[in-house]
Amino acid sequence: MSALTSSPAWNALLDHKQSIADTTMRELFAADPQRFAKMSREVCGLLVDWSKHRATEETWQLLLALAQQADVAGWRDKMFSGARINLTEDRAVGHVALRNRSNRPILVDDADVMPQVNDVLAKMRGFTEHLRSGAWKGYTNKSITDIVNIGIGGSDLGPAMVTEALRPYWKADMRAHFVSNIDGTHLAETLERVDPERTLFIVASKTFTTQETLTNAKSARAWLLGKLGADTEAVAKHFVALSTNAKEVAAFGIDPANMFEFWDWVGGRYSLWSAIGLSIACVIGMDSFEDMLAGGHDMDEHFRTAPLAENVPVILGLLGVWYANFWGAETHAVLPYDQYLHRFAAYFQQGDMESNGKSVDRQGNRVDYTTGPVIWGEPGTNGQHAFYQLIHQGTRLIPCDFIATIETHNRLGPHHVILLANFFAQTEALMRGKTPDEVRAELEAARLPADRIAQLVPHKTFPGNRPSTSIVAQRITPKTLGALVAMYEHKIFVQGIVWNINSFDQWGVELGKQLASKILPELDGDALVTSHDASTNGLINFYKARRRNR
């Protein structure tokens, strides 16, 4: 057994889970009318309600003991101090510095990084104001109306999610597009929607060698020059770079003065707060971008200073541990009742699964407990007509986060009130369920025959006792979005510390890339490939035999 699963705090929770296994949330609410008041907090513009969970006061005390045993507070303080807590890459974890609006010194290798951060933010402001004013001109002396961000992973998912979430704040005559997939369809479809004379490409690659990003960027460059009938000097008018490799940026044709730096102490999935967010700033403006940073900083300060028992990211992180490790939950659903947040679950698929999808601990030992869950979800109410059946009546326990706003950006008749009615109803339905007796009474009131009632009762019974967290904002603004994203980041951090894993590397993405680099040259020519297993050889050779264009 590992140190974690043999620890007193872990075993106390195992015993406790058995003692409350038959307790329902209905019973917990009936026993304590103040349960909502005790188990909800309003922080940083977000009301977070965790009262609809299989948890008692004893549960919380035992979970807090687990957090204290793991030294969550100590590791949190190390992160904020700039310590190299990314052990396998020997790096600091400094994304909190990117949104440190207090300018409190944050040291990496004994040097305060805040001057560098502020310099890049100032450069972003100057560039975006120049662009948004129309002063930046393309090769044919026309102003820019379309931004195409070319990146992948954290250089795509974060900016894409945020720009969609903040669409009401876009400049009226400016649009953002995102290209990430190496599948040429992604780029081709995007290029069909933009005017080459009015398009700016943002190429996001720290090393400027990322295969997918550079392939897409080179194809975009060829398209631009072909459409404009221009030579390579047009590139500098239509491309900027988010990178640290000035030599390769210049070789591509981009003016190094239009290269925006970020740092190796910022992981890709935490980088939207950096120059990687340039596409965000282009469409919403730097004032709104800095409002988003301020919201993230507010949540950072709450996480950094609040006692563990009152600390919302800590509470949410411990709930995730509770269900994954003691109730056998394998997945976690993120369900925003806001169409602008339609990419939120996809973003945190990376944020959570790339961070905590690990099977060895920080010391390199294979773990004997579950770590990161599968994250998934879609906006309500669409999901209600797709997968809620399984959440309500399936055999799996799926904790859910429901996210909604009091106000909508688009007041259209009764739409938002109907949306909220569904939001409130779903969490209640998951918690309460419907007993066989309640179903039977409904059917009897409808005067159905006795044999029909007996047939229908088991099918219309809802077990209930399904856990959910409700998160409510006044509306989605740059500041509340910043707080919401930072809250989830810190929740993931807490879980990684409890599980004794490194949440900040991602070696799992490397093997496939290495093998792809070996396979790519094998796809040329007609020679049979025999260097792999029988399946991979067969697939490659089937492709080579059937391809028509080379």
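How many cavities of 30 Å³ or more does the count come to? The count comes to 6. Here a cavity is a set of points on a 1 Å grid over the protein atoms alone where a 1.4 Å probe fits but cannot get out.

This is a predicted model, in which local features need pLDDT of at least 70 and side-chain atom pairs count only at pLDDT 80 or more, while totals for chains, interfaces and linings use all residues. Residues are numbered from 1 along each chain as its sequence is written, and side-chain values use heavy atoms, with hydrogens and water left out.

1. The largest cavity. Its volume is about 90 Å³, a volume being the space filled by probe spheres set on grid points that are joined across faces, edges and corners. The lining consists of 13 residues, and Gly320, Thr331, His332, Pro373 and Pro399 lie nearest the centre; lining residues have an atom within 4 Å of a point. Two or more residues each come from α15 (312-326), β10 (331-336) and α21 (478-498), with α15 giving the most, 4 residues. Helices (H or I, at least four residues) and strands (E, at least two) are DSSP runs, numbered from the N terminus.

2. By class, the lining of the largest cavity has 7 nonpolar, 4 polar and 2 charged residues. Ala, Val, Leu, Ile, Met, Phe, Trp, Tyr, Cys and Pro count as nonpolar, Asp, Glu, Lys and Arg as charged, and the others, Gly among them, as polar.

3. The largest pocket. A pocket is an open set of points with protein on both sides within 12 Å along at least five of seven lines. The largest pocket has a volume of about 1,200 Å³. It is lined by 41 residues, and Thr210, Gln506, Val509, Glu510 and Lys513 are the closest to its centre. At least two lining residues come from each of α8 (154-165), α10 (211-228), α16 (344-356) and α22, and α22 has the largest share, 4 residues. The classes are 14 nonpolar, 18 polar and 9 charged.

4. The second largest pocket. This one holds about 390 Å³ of space. Among its 19 lining residues, Gln339, Thr408, His415, His416 and Leu419 are the closest to the centre. Helix α18 (residues 415-432) gives the most to this lining, with 4 residues. By class there are 6 nonpolar, 10 polar and 3 charged residues.

5. A helix pair. Helix α5 (residues 72-81) packs with helix α14 (residues 286-305) at an angle of about 135°, and their axes are 10 Å apart. That makes α5 oblique to α14, since angles under 35 degrees count as roughly parallel, over 145 as roughly antiparallel, 65 to 115 as roughly perpendicular and the rest as oblique. Arg76, Met79 and Phe80 of α5 meet Asp300, Phe303 and Arg304 of α14, where contact means heavy atoms within 4.5 Å. By class, that contact has 3 nonpolar, no polar and 3 charged residues.

6. Two residues to look at. Ile85 lies in the loop between α5 and α6 (95-98). Is Ile85 buried or exposed? Ile85 is buried, with a relative accessible area of 5% (buried means under 20%, exposed over 50%, partly exposed in between, with a 1.4 Å probe and protein chains only). Leaving aside neighbours within four places in sequence, Ile85 has contacts that include Trp75, Met79, Phe493 and Phe504. Leu515, in helix α22 (residues 510-522), counts as partly exposed at 39% relative accessibility.

Conventions
Axes fitted to C-alpha atoms, helices over the stretch in contact; angles between N-to-C directions.
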